[in-house]
Amino acid sequence: VTTQLPERLRELAGDAPPALSARDLWQTGRRRHRLRVAAALGTAACLVMVTALLGNGAWRSHQPSPAAPPATTSGPMAIPQPLFNPSPWLSGTSSPGRLVALLGSTRDHLPVDSEKNALVGVTAGSQAYHFLDLPGRARDATDAALSPDGLHLAYWVDGPGTDGTSIGQGAVTGVAVLDLVSGAVERHVVLTQHGLAAGTLSWVDPSTVAMTAAPIISRGAGAEMGPLRGYELNLGVTNAYSRVGGQVREVPVTSTLGFAAMVGAHRLRMWNRLDASYLDLRLSEPIRGGAYDGRRHLLAAVAGNPDHSGRTSQALVVGRAVHGRVHLTSIPGARTYANVLTWVDRDHVATVRQTRNGLVYDVVDVRTGARRELTHKPWYAFTVARDALRQATTVPGIEPPHPWNPRWVVGGTLVVLILVGGAVLLLVRRSSRVGR
Amino acid sequence: VSDADDFAEFVAARSGALLRTAYLLTGNHQDAEDLVQTALVKAVPKWGRLREHEPYVRRILVNESVSSWRRGRWRETPVPEVRDEPTPGYDVEQKVVLRRALAQLAPRQRAVIVLRYFDDLTEAQTADALGVAVGTVKSQARDALTRLRTLVPDLDGEPMVSPTGE
């Protein structure tokens, strides 16, 4: 390059247009400045509005309803009527306090994970809904049982077998009991090499969990399982369990006498936990589930006899134990039920039935079959603490908050920002076309 | 004198010089006019607060030029648009060659060449106008001159002397 460059550039610049053809540059500049200020203010206002909306939504979604009474840890529990399906974005906790009800639901996690069989607790008194964080919960056995007083929750846990290797898919190693007030967890592990096939979980009394489970003898192609047996776990004695039942059937039966299970189609067996002796009652017909009042020797149950089409009638039946036999008779006027949960008083039982819209809990008069609805909830299954069923009082249900789906919030915010940004860009570009 | 009047006086006095700089940066009349108008319009909101107007307008001019080239808004015009009669001793073809050579430089290199060797700015003033470090101006100028030497062979000869003596 030579010293000619400045000269050559000047020569070339001589071809430039002699003067500007546009007028009103000052006015255009002022107008464009005002537009920019307005666009900036508009964008800021939009952002403030979106932030305020999001903040308000998030705040409101985490606030208890102003009408909510305080949580209770003792005394009578009233049943919320109705119960509500919770949002999948509720907060989670291991210490929600005393629960009046336990709901099944789906829980969503960011970014895309979801937990199909999550559990939601409804706190007694306050009716706050929370997902329950259950440490060590088995992935494939998602049943759980709420204690009668609503203070503990029993659930299946998994882990390694006695040889230190992983137990098979779907297997469990025992039961954990969560203290719902303190969040403390007691683990009760049944020592097996390959784990247990989970059966049912129930509470005999406020400090005793009963479970049925079958030991897995071998895994793989020739997998083999032992017979279903009954176990009892006692709170406060960590990792202690006793095998109380021999071969049992998975029929949900509660008894005031202790661990109860069906042995064969017609025999209801109730174990005495002190000496492992048992009382057998021979039933006049098979049952799908029921509740035995040991003080009055009364069994209320749902009949399990198949009709001519092969379907069970699911009628409500009741009978008194006399000399080891129970003759069950249908309750007049009673319709179809799924199970009898507990005796409420000498003439009433708490029942659950399935409707097209979900589960309904009732109190049924065993003399007339007349029933009064306690509570209901659509879709997912739920259970109510047995003490609350025994008291059979209801309060108006308070709908839980429905936090916004964060995915929609993030997506919506992005869309709003893109739209606002696009509008601003459009305004600025339009205003910058000066004199064209 | 109001800001508007002051602005009008500035446009009347300096728009010609700005158009020449813009023409070297863009390579055609339309884009040069657009560039100067855009720079002047953008300078309006701060006009009353500026002590020196021309450096500010020129800074907007060159930066708008660089960003417009990056956005693909301006492209080299393939057909020569030489309106004036060629200066005696200076061939029209040489103008076309130089303009095309400038168009083949990177936008910032072209801005450095125009500011340094047409507007006679120092390296520091050029760096300030472009918002880059002085070292960047030096390297961009060196690379641009190397490229121009290839693209415009008749520019070779004696080593380049900085117009400001730096």
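**Chain B: the overall picture**

I began with chain B and found seven helices and zero strands in its secondary structure. Reading along the sequence, I wrote the pattern down as α-α-α-α-α-α-α. I kept in mind from the start that this is a predicted model.

I then looked up burial: of the 166 residues in chain B, 49% are buried. For contacts in chain B between residues at least 6 apart in sequence, I noted that 61% join residues at least 24 apart.

**How confident is the predictor?**

For chain B I read a mean pLDDT of 82, with 80% of the residues at 70 or more. Which helix of chain B has the lowest confidence, and which the highest? The lowest is helix α4 (residues 92-104) of chain B, with a mean of 85, and the highest is helix α5 (residues 107-117) of chain B, at 93.

I flagged two stretches for careful reading. Residues 78-84 of chain B have a pLDDT below 50, and I noted 17 contacts for this stretch in the model beyond near neighbours in sequence. Residues 158-166 of chain B are also below 50; here the model has 22 contacts beyond near neighbours in sequence.

**One helix pair in chain B**

I reminded myself that two packed helices are described by the angle and the distance between their axes. I picked helix α1 (residues 3-26) of chain B and α5(B), whose axes come within 9 Å and cross at roughly 145°. The crossing of α1(B) past α5(B) is right-handed.

Which residues make the contact? From α1(B) I listed Thr21(B), Leu24(B) and Leu25(B); from α5(B) I listed Arg110(B), Ala111(B) and Val114(B). I sorted the residues of this contact into four nonpolar, one polar and one charged.

**A four-stranded sheet in chain A**

Next I moved to chain A and an open sheet of four strands, in the order β25-β26-β27-β28, with antiparallel pairing. Its edge strands are β25 (339-345) and β28 (371-378) of chain A, each pairing on one side only. I wrote down an average twist of 25° from one strand to the next.

Is β25(A) largely enclosed or open? I found six of its seven residues buried, so β25(A) is largely enclosed by the rest of the structure.

I followed the pairing along the sheet. β25(A) pairs with β26(A) in the antiparallel sense over five bridges, and Val340(A) stands opposite Thr351(A) in β26(A). A hairpin through two residues joins β25(A) to β26(A). Strand β26 (residues 348-355) of chain A then pairs with strand β27 (residues 358-365) of chain A, antiparallel, over eight bridges. There I noted Tyr361(A) in β27(A) as the bridge partner of Val352(A).

**Another set of strands in chain A**

I also looked up strand β18 (residues 267-271) of chain A, which five bridges join to strand β19 (residues 278-283) of chain A; the two run antiparallel. Trp271(A) has Tyr278(A) of β19(A) as its bridge partner.

β19(A) also pairs with strand β23 (residues 325-326) of chain A, in the parallel sense, over two bridges. The bridge partner of Leu283(A) in β23(A) is Val326(A).

Most residues other than glycine have a negative phi, and most peptide bonds are trans. I therefore looked for exceptions to that rule.

- The peptide bond from Gln81(A) to Pro82(A) is cis, with omega near 0°. I placed Pro82(A) in the loop between β1 (79-81) and β2 (92-93) of chain A.
- His297(A) is not a glycine, yet has a positive phi of about 60°. I found His297(A) in the loop between β20 (287-293) and β21 (298-303) of chain A, partly exposed with a relative accessible area of 40%.
- His323(A), also not a glycine, has a positive phi near 55°. I found His323(A) in the loop between β22 (316-322) and β23 of chain A. His323(A) counts as exposed, at a relative accessible area of 80%.

Terms used. Residues are numbered from 1 along each chain as its sequence is written. Chains are lettered from A and ligands numbered from 1 in the order in which they are written. This is a predicted model: local features need pLDDT of at least 70, side-chain atom pairs count only at pLDDT 80 or more; totals for chains, interfaces and linings use all residues. Side-chain values use heavy atoms; hydrogens and water are left out. pLDDT is the predictor's confidence in each residue, from 0 to 100. Contact means heavy atoms within 4.5 Å. Axes are lines fitted to C-alpha atoms, for helices over the stretch in contact, and angles run from 0 to 180 degrees between N-to-C directions. A crossing is left-handed if the near helix is turned anticlockwise from the far one by less than a right angle, and right-handed if clockwise. Ala, Val, Leu, Ile, Met, Phe, Trp, Tyr, Cys and Pro count as nonpolar, Asp, Glu, Lys and Arg as charged, and the others, Gly among them, as polar. Two strands pair if DSSP finds at least two bridges between them. Buried means under 20% relative accessible area, exposed over 50%, partly exposed in between (1.4 Å probe, protein chains only).
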